[in-house]
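Colleague: I have a model open and want to learn how to read it. Can we go feature by feature?

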Amino acid sequence: MWISAHAVARMLGTWRNGPGPAHQRLSDRLRLLVLDGRLPLGSALPGERDLATALAASRTTVSTAYRTLSDHGYLATSPRSRATVRLPGRRTARPAPSPDGTIDLSVAAPPAPVEVLHAAYASALEQLPRHFDRHGYDRHGTTVLREAVARGYERRGLPTSPGQVLITNGAQHALALLTRALVSPRDRIVVDHPTYPHAIRTFAEARARLVPVALTADGWDPGQLRSASRNAELAYLIPDFHNPTGQCMPSAVREGLSAGCPVIVDETMTELALDQPVPEPFARYDPSAISIGSAAKSIWGGLRIGWIRARPPILERVAQIRSGLDLGTPVLEQLAAAILLDEPDRHQSGKLEKLRAQRDILRTALAEHLPQLAVPRPPGGLALWTTFPKPISSRLAALAPEYGVTIAAGPRFGIGGAFERNLRLPYTLQPDLLTEAVQRLARAHEAVTRGETGHHEPASVA
């Protein structure tokens, strides 16, 4: 596949900001796009003249940046053909990690509730023989888990039958199935901005056109959402402790939204209410809404269980699509998940208190070591969406591993290179690690301020 010059320019965003010559800033930003997966391996980049025109830069700047990437193994070039994206044969050398290891601040996911999870699997193993007389393939999921998911919605005030639930291998799998079933190339999809990075990638791979609607410090703008959705085929929203900002959509906004297109509602963070009650399901106000849920954030990421709640005709379309991809979700994990979902107080006991404490510890450490960083206090979720005075996020993400910490740059959560002033910083680590991570991040920030650059692979995002 080839990528147009204007598409690359949108992804580059504010690449001109920062120290050093323009060709260095351009090559650094292009390399981050390759390592992030936003420039897919094997794709052909635009010609030097075309990209220079789209960027309003000199051709020398672009050709020098391309040559730098080629020298480091990130582009394959040949005469009279476009440069194609690749990765070096071996990873770029990097300094040895600090003695106590690199701290990962890129993944917003809690550790497992060990005793409760172990007990659930033990009970599931006892139940497993009851399913041995069946073939074990079920595109919709086991009845016992679909009933447990339905009861969870009932407890939140939304009547739900097992026939409205389809079990998936996590929320990302659910979104991928729905995208295959509902999205055609060039469909317009409304998204929060910022939003979940893997949703951006899923829709981009479907060749949809994303319509970003800004999520401000005051939250969602119902008027903008209604206006954007009138000419769209689909909307994807994260109203419950939004990833990455942690904001929660008020009931009044849910009730008055009246989107002009079908809505996929990502509810993976719903149970992580730290300063308010668990929010009401979006589908209480929009019965046609398609809800996605998951056990990954509320219980454990290793429990690869997710679900879709929707009207049966939509679930049947998804099930038909699924048969060409996989034959169902493992039965043992479904049985364990059903036990855990029916006893939410057991695995949530103490978790929310711990997250509140870790959130405050992280905010205190940031105030001490990075006082220039604006740090809101989200009412729930797993991370802080922080803001620097200057657009340094990608440079900081590239350099931070040298100082023993990995972070996710703000542009991963946006479109067109947006959010260069932002970082998502999760508070899911132990307090001592959070404090140490911030101290390392502060040292990396000082290095960026001095004009240093890094050449390391950004961490994955969850």
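Colleague: What does the accessible surface of the protein come to, and what share belongs to carbon and sulfur atoms?

Modeller: First, keep in mind that this is a predicted model. The accessible surface is about 19,900 Å². Carbon and sulfur atoms account for 53% of that.

Colleague: How many helices and strands does the protein have?

Modeller: There are 16 helices and 14 strands. Next, take the radius of gyration: 23 Å, close to the 23 Å that the globule rule gives for 462 residues, so the protein is as compact as a globular protein of that length.

Colleague: What percentage of the residues count as buried?

Modeller: Of the 462 residues, 53% do. The cut-off is under 20% relative accessible area.

Colleague: Among contacts between residues at least 6 apart in sequence, what share joins residues at least 24 apart?

Modeller: That share is 75%.

Colleague: Now a helix. Which residues of helix α9 are buried?

Modeller: Start with the general idea. An α-helix has 3.6 residues a turn, so residues three or four places apart point the same way. Now the case here. In α9, residues 222-230, the buried ones are Leu225, Ala228 and Ser229. They span an arc of only 95° around the axis, which puts them on the same side of α9.

Colleague: What do the buried residues of α9 pack against?

Modeller: Three strands: β5 (188-193), β6 (209-214) and β7 (234-237).

Colleague: Let's go to single residues. Is Thr61 buried or exposed?

Modeller: Buried means under 20% relative accessible area. Thr61 has 14%, so Thr61 is buried. Its place is in helix α4, residues 59-71. Leaving out residues up to four places away in sequence, Thr61 touches Trp15, Ala22, His23 and Leu26.

Colleague: And Val405: where does it lie?

Modeller: In strand β12, residues 405-406. Its relative accessibility is 0%, so Val405 counts as buried.

Colleague: Which residues does Val405 touch, not counting those up to four places away in sequence?

Modeller: Thr102, Ile103, Leu105, Ala400, Ala437, Arg440 and Leu441.

Colleague: What separates the C-alpha atoms of Val405 and Tyr427?

Modeller: A distance of 14 Å, with the two residues 22 apart along the chain.

Note on methods:
Residues numbered from 1 in each chain as written. Predicted model: local features only at pLDDT ≥ 70, side-chain atom pairs only at ≥ 80, totals over all residues. Heavy atoms only, no water. Helix = DSSP H or I, 4+ residues; strand = E, 2+ residues; numbered from the N terminus. Rg over C-alpha atoms; globule rule 2.2 N^0.38 Å. Buried < 20%, exposed > 50% of the residue type's maximum accessible area, 1.4 Å probe, protein only. Contact = heavy atoms within 4.5 Å. Areas by Shrake-Rupley, 256 points an atom, 1.4 Å probe, with all protein chains shown as cover. Arc of directions from axis to C-beta.
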